[in-house]
Amino acid sequence: MWYGQDPHYALRFTHYDMSSDPQIQEIKDKLDLVELISEYVTLNRSGNYFKARCPFHQEKTPSFMVSPDRDRWHCFGCSEGGDGFTFLQKIEGLDFPEALSALAQRTGVVLKKRSPQDKKQADALQRVYNCLFDAASVYQIILRDADGAQEARAYVESRGVNKDTQAAFMVGFAPEKWDVLYQTLSKRGYDVSDLLKAGLVIKSDRGGFYDRFRDRIMFPIFDHHGRVVGFTGRMLHNTQKGGKYVNTPQTPVFDKSRLLYGLDRAAQSIRKAGKAIIVEGQMDVIASHQAGIENTVASSGTALGEAQLKLLKRYATKLKMAFDTDEAGQKAARRGIELALSLGFEVFVIELKGDDGKDPDDCISKSVEVWKQRVDEAIPFVQWAINMAVTNFDIASARGKKQAADDVMGLIVKIPSVIEQDHWMRSLSSRLSIALDVLRSEYGNKVAVKASRQTQKTEKRSSAKKNPFVLLLALFVRLDLDKALLDEFDEQFYPQALHPLVKFVKTGYTDDTTIEISNVLLMRVELAYPSFSTEQLHDEFSDVREYCSKQLLQRRIASIAHHIRDAEARGDNDRVAQLLEVYTSLREKSGA
Ligand SMILES: [Zn+2]
């Protein structure tokens with residue numbers, strides 16, 4: 001295999017499911033692919049295409065393309081591609097039936113031909129969503145109107161949550177009774193099995209059922225589609241058993257590791273601002289939104305996990321985090337921050353000072369302006385960690401210096417960019433009065449390994465992106481050239497992995513799959529040469545062909561040099577002489 005060529009490159013063209021299901025076709029016809037994709041990435045028009053930075057791999061220059069005419073997207077950096085279904089599946093982590101049902105709903109197509117089992121499963125899930133939403137409404141109405149809820153209302157008001165915000169976040173109240181919700185929802189026709197599945201009721205030892213949440217202020221938790229998937233209940237009176245907060249347990253629709261509180265309302269402003277503010281508690285989110293700072297979400301008390309970060313990555317690459325900066329809070333936050341750094345996020349720390357308040361909610365209730373200022377002043381996390389290390393360790397001592405360096409270098413090695421690593425190592429070197437060379441030699445291995453892995457990745461990507469042989473074939477298809485031109489090269493001219501593609505280009509377009517391949521090739525040309533005239537493209541074809549020939553020659557020279565070394569090692573002098581002759585003539589041909 002040559003120059004890190006991805007052997008699956010050509011084969012991936014054939015992955016599309018060209019299903020002939022008329023309902024799928026109907027959805028495809030009605031679906032606006034550009035509209036769907038632009039909910040996740042910022043698309044820029046480029047001729048008949050749209051371009052973006054790929055949401056599926058990290059890249060600086062856009063190689064992700066969408067063709068509305070062909071109803072296709074394709075990334076020339078990571079070779080992912082497909083239609084609206086594959087896009088949604090990949091970006092939302094859905095399986096095909098889930099994507100089908102999401103897009104059916106989006107396009108208003110009523111699915112008829114689902115298998116009875118699929119339908120049963122989908123209906124069951126829908127009932128769980130329905131009863132969670134109904135539960136949220138019941139709690140909301142109780143908080144707003146019920147006679148027994150004065151104290152709860154007073155509490156919510158004392159926390160500064162106004163009526164509009166209460167309505168927007170569906171804040172509610174579960175009274176101190178055993179089965180208010182169970183009775184209400186049963187009367188609305190929900191089966192107790194649905195209520196159990198939704199995590200709303202609990203089966204008692206004596207076989208009866210009772211409400212999970214009692215005497216609690218209820219905060220519904222929405223997924224990023226805005227569906228109620230669970231609740232956090234905060235106790236109203238300190239007397240009762242159970243923790244200050246009770247959450248919905250893991251259910252078929254409630255998976256804490258994939259949720260960010262407030263994201264359904266924050267997504268658009270996060271995208272607009274290019275950054276997300278991450279706070280700890282639900283009240284912090286609610287207060288922040290009420291104060292007009294809407295790009296705020298909460299991780300709900302846990303360290304940020306990979307699924308949550310990947311969700312955020314769709315909208316922004318800068319995170320401003322307000323976490324408890326005491327030692328325990330820092331420790332809890334650190335794992336998530338390391339993960340964020342390693343995923344290429346820029347992470348900043350929002351620091352509350354002196355009498356700003358104990359958390360964002362507290363700070364906002366004192367002064368929105370102070371909170372905004374603290375958000376603006378947020379400093380890079382590594383900077384903050386250096387400051388902390390200098391304070392926490394006795395850096396006048398050799399041991400303290402070593403501990404401080406270990407602490408911060410543990411973060412720096414997580415950063416994927418070598419340039420950023422270098423920047424922070426310089427900063428650390430001057431703060432700790434350790435020579436940069438010494439830091440490099442002490443931690444060099446870790447930094448270097450990380451760095452070389454990064455470079456390798458980048459190289460592999462750009463070689464796939466700039467793969468001249470694919471480009472040559474793409475130009476061939478785009479210009480609809482005479483296939484005699486291709487016959488000038490024998491099959492060995494092309495990398496092995498491209499042989500199926502060459503064969504296709506030579507035989508032409510016959511069915512859905514091959515039309516698909518030509519579509520991808522056409523997008524490839526558009527990416528490389530946006531708005532080139534046909535004449536210019538012909539020139540490019542000649543250039544690329546020449547470049548490919550040179551590549552071929554170089555490969556042959558390298559291969560012969562290899563055989564010469566082998567023959568020498570065996571002491572086969574005749575063979576060496578023979579090969580040297582070929583070698584010399586090839587070198588001459590190549591002009592070297
Ligand atoms: Zn990609």
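Figure 1. C54 and C75 are both buried (under 20% relative accessible area, with a 1.4 Å probe and protein chains only). The model is predicted: local features need pLDDT of at least 70, side-chain atom pairs count only at pLDDT 80 or more, and totals for chains, interfaces and linings use all residues. Residues are numbered from 1 along each chain as its sequence is written, and side-chain values use heavy atoms, with hydrogens and water left out.

**Figure 2. The zinc site.** Four protein donors lie 2.1 to 2.3 Å from the zinc ion: C54 (SG), H57 (ND1), C75 (SG) and C78 (SG). Donors are N, O and S atoms within 2.8 Å of the metal (3.2 Å for Na, K and Ca); water is not among the atoms, so sites may look incomplete. The four donor atoms subtend angles of 104 to 119° around the zinc ion, which makes the arrangement tetrahedral (four donors, all angles between 85 and 135 degrees). Ideal angles for four tetrahedral donors are 109.5 degrees. Along the chain, the donor spacing is C-x2-H-x17-C-x2-C. C54 sits in the loop between β2 (49–52) and β3 (64–67), and C75 in strand β4 (residues 72–75), so the pair ties together parts 21 residues apart in sequence. Strands (E, at least two residues) and helices (H or I, at least four) are DSSP runs, numbered from the N terminus.

**Figure 3. The antiparallel sheet β1 to β5.** Five strands form an open sheet in the order β1-β2-β3-β4-β5, with antiparallel pairing. β1 (44–46) and β5 (81–82) are the edge strands, each with a single partner, so one side of each has no neighbour in the sheet. Two strands pair if DSSP finds at least two bridges between them.

**Figure 4. Close-up of β2 and its partners.** β1 and β2 pair in the antiparallel sense over three bridges. S46 has Y49 in β2 as its bridge partner, and N44 stands opposite K51 in β2. The hairpin of β1 and β2 has two residues between the strands, and G47 takes a positive phi near 65° there. β2 and β3 also pair in the antiparallel sense, over three bridges, with A52 opposite F64 in β3. Both faces of β2 are covered: Y49 and K51 on one side, F50 and A52 on the other, are all buried. In a regular strand the side chains alternate between the two faces of the sheet.

**Figure 5. The mixed sheet.** Five strands make an open sheet in the order β13-β12-β14-β15-β16, with mixed pairing. β13 (296–298) and β16 (379–380) stand at its edges, each with a single partner strand, so one side of each lacks a neighbour in the sheet. Strand β14 (residues 318–321) pairs with strand β15 (residues 346–349) in the parallel sense over four bridges. K318 stands opposite E346 in β15.

Figure 6. On a 1 Å grid over the protein atoms alone, a cavity is a set of points where a 1.4 Å probe fits but cannot get out; lining residues have an atom within 4 Å of a point. Grid points are joined across faces, edges and corners, and a volume is the space filled by probe spheres set on the points. The structure holds one cavity of 30 Å³ or more. The largest cavity has a volume of about 30 Å³. K28, L31, L33, D71, D83 and G84 line the largest cavity.

Terms used: Tetrahedral: all angles 85-135°; square planar, octahedral: opposite > 155°, others 65-115°. Buried < 20%, exposed > 50% of the residue type's maximum accessible area, 1.4 Å probe, protein only. 1 Å grid on protein atoms, 1.4 Å probe; cavity = no way out; pocket = protein on both sides within 12 Å on 5 of 7 lines; lining within 4 Å.
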